[in-house]
Amino acid sequence: MADTLTAASARRNAAHGGTLVVTARRDVAQDVVELTLARPGGERLPDWAPGAHIDIVLPDGTTRQYSLLGDRWDAHSFTIAVLREREGRGGSEHIHTRLTAGDTVGFGGPRNNFRLSPAPGYLFVAGGIGITPLMPMVRQAELLGDPWRLLYLGRSRARLAYLDELAQYGERVTVHAADESGRAVIDDWMPDPAVPPVVYACGPERMLDAVDLWAAPLGRHRVRLERFTARGDADRPATVFEVEVASSGAVVTVQKDESIVDALRRVDVDVITSCAQGVCGTCETGVLRGVPDHRDALLSEAERAESRCLYPCISRAVSDRLVLDL
Ligand code: FES
């Protein structure tokens, strides 16, 4: 039976982009399913650019973020691919076991925290399902005639989606399957610092941490990462601090065991959230005064130093009070 949106999730969707219907579903690798989604009436969808993601709101209200990987010039459908995570929080399991063609889901976005900037050349590094935001980047670089290479890592070829499409690019794509070639040593692929491309990487934390170390020799601005999960910052000890709402002057105390978003609800300020982990960017809020304790996976070191914004679903404060642009 087709899943339909519950009243609760429909309410939640009011703050999102509406409803999508699953128009096609296919397996693209072991434990990876691809979904094509469209408006129920076939209306136009929002524009997006490589690196963008959407929120998918499941019938029970569970919200997850997935990169858009289809044709960005197709204004009437979105394509996402979802890895089945049996030990995950349940979203991917629901999609794999229950969602079929004709079912509806809510959506939010698109948002883009991983934009493809103009550069003389690119090195894309994908680990497993991390290929999803990079597929449109590959197509765009190809379209514009920009030099690019892709390093695509995984446990086995059977688990790597879109190898068929990527085969057309020949030697520009390097596939490293651990069951054939052993564990990858990321530094073996570090670009020449004398003529570095801009690196875009998405995949497991361990791989991203290794790629992040390239920032020292290549330059921080040349290494861009898209993380699926919050960084270890989220585990730092929490302290009590105050948040002031600039528009009303209301002040609320944020206890150690709650987020800024939770505390703000006590003074009737509702910040829209999605991932609640500092990875999607939905809750971005301007900082007018005070020193944030950034715990998200979105801001670069330079942006953290500037502290013009923070992600109140997860970030906290170093100073006794933050004044937020709310
Ligand atoms: S809700 Fe995703 S970053 Fe805050």
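This is a predicted model: local features need pLDDT of at least 70, side-chain atom pairs count only at pLDDT 80 or more; totals for chains, interfaces and linings use all residues.
User: Which residue takes a positive phi in the hairpin of β1 and β2?

Analyst: D31 does, with a phi near 65 degrees, and two residues lie between the strands. Residues are numbered from 1 along each chain as its sequence is written, and side-chain values use heavy atoms, leaving out hydrogens and water.

User: What makes β1 and β2 a pair?

Analyst: Two strands (DSSP runs of E, at least two residues, numbered from the N terminus) pair if DSSP finds at least two bridges between them. β1 (residues 18-29) and β2 (residues 32-38) have seven, running antiparallel, so they pair. V22 has L37 as its bridge partner in β2.

User: What makes the lining of the largest pocket 45 residues?

Analyst: A pocket is an open set of points on a 1 Å grid over the protein atoms alone where a 1.4 Å probe fits, with protein on both sides within 12 Å along at least five of seven lines; lining residues have an atom within 4 Å of a point. For the largest pocket 45 residues qualify, so they count as its lining. L83, I129, G203, P204 and F228 lie nearest its centre.

How values were computed. Helices (H or I, at least four residues) and strands (E, at least two) are DSSP runs, numbered from the N terminus.
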